[in-house]
Amino acid sequence: MKIIDAALPEETIHLSMEQSPVWEWIVGIAGYTHGQLRHTFEMDEEWTNDAEAMHASLRESLTKIEETNLWYGLLLLQNEFGARSVDEFVKRLAGLSEHQFYDVLLPYHSRAAETLREQAAQYPEDNGWWSPYADLFEGHAYLSGYVWQLYGHTRAELSELFMAVLSEWQDWMAEKPYVSKWLKALAFEEQQHRGLDSANAVKEIERVAGVAYTPEPSIWSVKLIPQVSYRPWLLTIRTADVKLFFYPVSEQQLLDPEVPPNELIQGHKALGDGLRLNVLHHLCHGPASLQELSEHFSISKTTLHHQLTLLKAAKFVKVDKGVYSIQPEKLQAFSGQLNRYLGLTE
């Protein structure tokens, strides 16, 4: 029997590295306005100390961003533009049609809901489309409210806020002595990984960004975006067909040899508390949920969640579907990192 193979070549994920000062400014805005996790960011102390020196108009814009979660819109716009400068971002923003503006800003939900999303983008003042689309995100940490913020503000108001906060954040960051080193490190990171192997996208994503990725339906493009401001966290978002990983650039690129890495400082802070050490010791005997830990230590879940967040930020524990477990390899690597910094033999 003769068989004719008429199958098309297997499609692969298009993998790319992308960085620019605009990405770093937006990620910084996202981190600064992240109220729940703000205390875990490496930049939190710096931001707090500099808050009084910040221009009042920038503080006002950041407060608005925090209240509305419109940082998400900045990320979606920059994904569309790939702007290399704030001026380019502003120019591209002004050039969008009404439909394009909302088509970019409305978050993706699912393939089944794409028609509804497109209709909402086509008719930005029609609550008949927007209300059912916003309802799809009910229970999400921020996207339901984000959709209603898009509906509740005019395009002019949204554009003005986007342009103001981005321009003023850039001006504020330009005054920082470390920013030039940041930007050089990000440019070097992009240069180092320019030739990513899309045919082995899953392995490449894990190698560069340090995250295990399972291909998703309809995602044909993955962008790896190095960042400093959101350290130590990795931020992910997606559109209808693009997945974005904002991964923390290696701290060794940012520091002089005698300066201790923030990972080392944050790790010792995480370990420098009796309760957190007790939690680690308990998790060494097996995974546990927040409820189980709360009952074992007779401590409120709110207090424990705060402590676990610090341990997660230091990468000593991980959580999967509400169950916490220890990461022994991270603790062992942490000990090795201390020895390397001190110049001791491991």
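How far apart should the ends of helix 3 (residues 56-68) be at 1.5 Å a residue, and how far apart are the end C-alpha atoms? This is a predicted model, in which local features need pLDDT of at least 70 and side-chain atom pairs count only at pLDDT 80 or more, while totals for chains, interfaces and linings use all residues. Residues are numbered from 1 along each chain as its sequence is written, and side-chain values use heavy atoms, with hydrogens and water left out.

Now to the helix itself. Its 13 residues should span 18 Å, and the end C-alpha atoms of helix 3 are 19 Å apart, which agrees. The expected span here is 1.5 Å times one less than the number of residues, and helices are DSSP runs of H or I with at least four residues, just as strands are runs of E with at least two, numbered from the N terminus.

Look next at which residues of helix 3 are hidden. Leu58, Ser61, Leu62, Ile65 and Thr68 are buried, where buried means under 20% relative accessible area, exposed over 50% and partly exposed in between, with a 1.4 Å probe and protein chains only. Just after helix 3, Asn69 has a positive phi of about 60 degrees.

Four strands form an open sheet in the order 1-2-4-3, with mixed pairing; two strands pair if DSSP finds at least two bridges between them. Strand 1 (14-17) and strand 3 (235-238) stand at the edges with a single partner strand each, so one side of each is left without a neighbour in the sheet. From one strand to the next, the twist averages 15 degrees. Strand 2 (residues 221-227) and strand 4 (residues 242-248) pair in the parallel sense over seven bridges, and Lys223 has Leu244 in strand 4 as its bridge partner.

Finally, Asp44 is in helix 2 (residues 44-50). Asp44 is buried, with a relative accessible area of 17%. Leaving aside residues up to four places away in sequence, Asp44 touches Arg38 and His39, contact meaning heavy atoms within 4.5 Å.

Terms used:
Axes fitted to C-alpha atoms, helices over the stretch in contact; angles between N-to-C directions.
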